[in-house]
Amino acid sequence: MARMKFLCDADRCIECNACVTACKNEHEVPWGINRRRVVTINDGKPGERSISMACMHCTDAPCQAVCPVNCFYTTADGVVLHSKDLCIGCGYCFYACPFGAPQYPRVGNFGSRGKMDKCTYCAGGPEADGSKAEYAKYGANRLAEGKLPLCAEMCSTKSLLAGDGDVVVQIYKERVAKRGYGSGAWGWKTAYGEAIES
Amino acid sequence: MDGGNGFRARFGVERNGQTLLAERSYLPGSEIKDGYPEFTIGVLKKLGWDKDLTAEELAVIEKVAGTPDKVDTVSWSTDLSGGIQRVALKHGCSPYGNGKARTVAWNLPDPIPVHREPIYTPRVDLVTKYPTLPDAKQFRLPNIGFTVQKTAVERGIAKAFPLIVSSGRLVEYEGGGEETRSNVWLAELQQDMFIEINPADAAERGIKDGSLVWVTGAENSAKAKVKALVTERVGKGVTWMPFHFGGWFGGVDLRDKYPKGTDPVVLGESANTIMTYGYDPATGMQEPKVSLCQVRAA
């Protein structure tokens, strides 16, 4: 079984936000909820870098560890998903997540949170694959159709890679070896507990 | 023609006793193994290729000529039958001729480009040495750039509007931005019209990053209310605005003026509000992308 991972090559991201838009379009994500976003560091200065961030589908995911209602589960492909039927919108996962991935719709006054929403690796949720109920709660299930997440598929510079961790790392290593530099696959070690040795 | 053609023989065949046609250079498969002028009926006749024209093509060419004595002057570019082009291509030749490229454009005001200060320049000291070209009629319109430049210097415009303002494109946006701003997924990415300003210029004016500012332009008391993006991406004395916004004018939100259901999700001041008079002194091309401005906290 493949272990699905995301890798963002910060030397290639051009901050075009196509990944963000592709995600919004594919899953009908409402205004103000960002399953994926592009973060720019040192904006306007020499050494400016952009990275595309979403749920990294961590190994031993911190969100899963802190959830009081146990709504998270890890699929056989290593994708971290959650059940919106169980979620109580407590926000613990948001504080635990090193990537700021969990998002909450505002459902009332005084900042009360709705059920958590996050990147599903285009793999839906606990409902039957491709069902209407699944789409309404979690968006499209591309993985069940044998397709990879749309954000990475859409990436014009192939900065954002998605797929089996071993394959993705191999592509990244070859790239770094060929061009002779690599500022690192940001977030990889935090998410997967191992460095990419090159 | 596979791989492209040569240079158009656009400027005659000879100048100052030197040929303007290509020498020892021609297309593969060309029946003329040298340079040649643009194709006309006269040229076709000299080559004996006019016999390749069909009766229908000749009838159209005679109609274009008007009178029989002018038939020889009908060119590939005026022949509505397309026959001259067809015959030239049939013989492996480019209908527009086979000429040389030129670096001296003798029929333009500056045969070789030289520096000329912009009409609205912060470096007024350079205007005397590098003025724009004299006022003239270009094509069908007047270009009064020289007068505007002189007046701007005399009136001290650069003192009142010391910052260069240029405009440009955001990667998230397309063209004027109306379509992009009408699509919720794209409109969410850049929700505010802004002006980039250097930290030194912002500090002098007490402007904080993300705060609202008034941008004023050098003509027609132009003003626009936008957000400040304080960044080192622009140098001191330079500002920059995206040109994708519209729907605000002079600090007023005009959303209620849109026909029902046609207002984009995101509106903002148009960068063009601030821009000023200016046309390229050689081509007459308008210059709406750079001028002078002043910025102050709103």
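Is B:Ala271 buried or exposed, and how many other C-beta atoms lie within 10 Å of it?

Author: This is a predicted model, in which local features need pLDDT of at least 70 and side-chain atom pairs count only at pLDDT 80 or more, while totals for chains, interfaces and linings use all residues. Residues are numbered from 1 along each chain as its sequence is written, and chains are lettered from A and ligands numbered from 1 in the order in which they are written.

B:Ala271 is buried, because 26 other C-beta atoms lie within 10 Å. In chain B, the residue belongs to the loop between β12 (268–269) and β13 (290–297). Helices (H or I, at least four residues) and strands (E, at least two) are DSSP runs, numbered from the N terminus.

Leaving aside residues up to four places away in sequence, B:Ala271 touches B:Ser167, B:Met241, B:Pro242 and B:Phe243. Such a contact requires that the C-beta atoms of two residues, placed from the backbone, lie within 7 Å. B:Lys225 is 46 residues away from B:Ala271 along the chain, yet their C-alpha atoms are separated by 10 Å.

The strand β12 of chain B also belongs to an open sheet of three strands, in the order β11-β10-β12, with mixed pairing. In this sheet β11 (252–253) and β12 of chain B are the edge strands, each having a single partner strand, so one side of each has no neighbour in the sheet. Two strands count as paired if DSSP finds at least two bridges between them. Strand β10 (residues 247–249) of chain B pairs with β11(B) in the antiparallel sense over two bridges, and B:Trp248 stands opposite B:Asp253 in β11(B). Strands of a sheet pair through backbone hydrogen bonds, either parallel or antiparallel.

B:Asn220, between β7 (212–217) and β8 (223–230) of chain B, is exposed, because it has 10 other C-beta atoms within 10 Å. Its phi is near 60°, a positive value in a residue other than glycine.

On the scale of the whole chain, the assignment divides chain B into domain 1 (14–90) and domain 2 (124–297); such bounds come from an automatic or database domain assignment. The C-alpha centres of these two domains lie 49 Å apart.

Chain B also meets chain A: eleven residues of chain A are in contact with ten residues of chain B. The side of chain A that touches chain B has three nonpolar, four polar and four charged residues. Here Ala, Val, Leu, Ile, Met, Phe, Trp, Tyr, Cys and Pro count as nonpolar, Asp, Glu, Lys and Arg as charged, and the others, Gly among them, as polar.

Chain A itself has seven helices and six strands. Of its 198 residues, 41% count as buried, and its C-alpha trace spans about 50 × 40 × 30 Å along the principal axes. Helix α1 (residues 18–27) of chain A is largely enclosed by the rest of the structure, because eight of its ten residues are buried. Among these buried residues are A:Cys19, A:Cys23 and A:His27. Their cover includes β2 (36–41), β3 (49–54), α5 (150–154) and β6 (160–164) of chain A together with α7 (184–187) of chain B. Just after α1(A), A:Glu28 takes a positive phi of about 55°.

The largest nonpolar core has 59 residues, and those with the most contacts inside it are A:Leu7, A:Cys8, A:Cys19, A:Cys151 and A:Leu160. Its largest share, five residues, comes from α1(A). A second, separate core of 36 residues includes B:Phe161, B:Val213, B:Leu229 and B:Val295. A nonpolar core is a set of buried Ala, Val, Leu, Ile, Met, Phe, Trp, Tyr and Cys residues joined through C-beta atoms within 7 Å. In soluble globular proteins, nonpolar side chains tend to be buried together.

Terms used:
A residue is buried if 20 or more other C-beta atoms lie within 10 Å of its own, exposed if 12 or fewer, and partly exposed in between; C-beta atoms are placed from the backbone.
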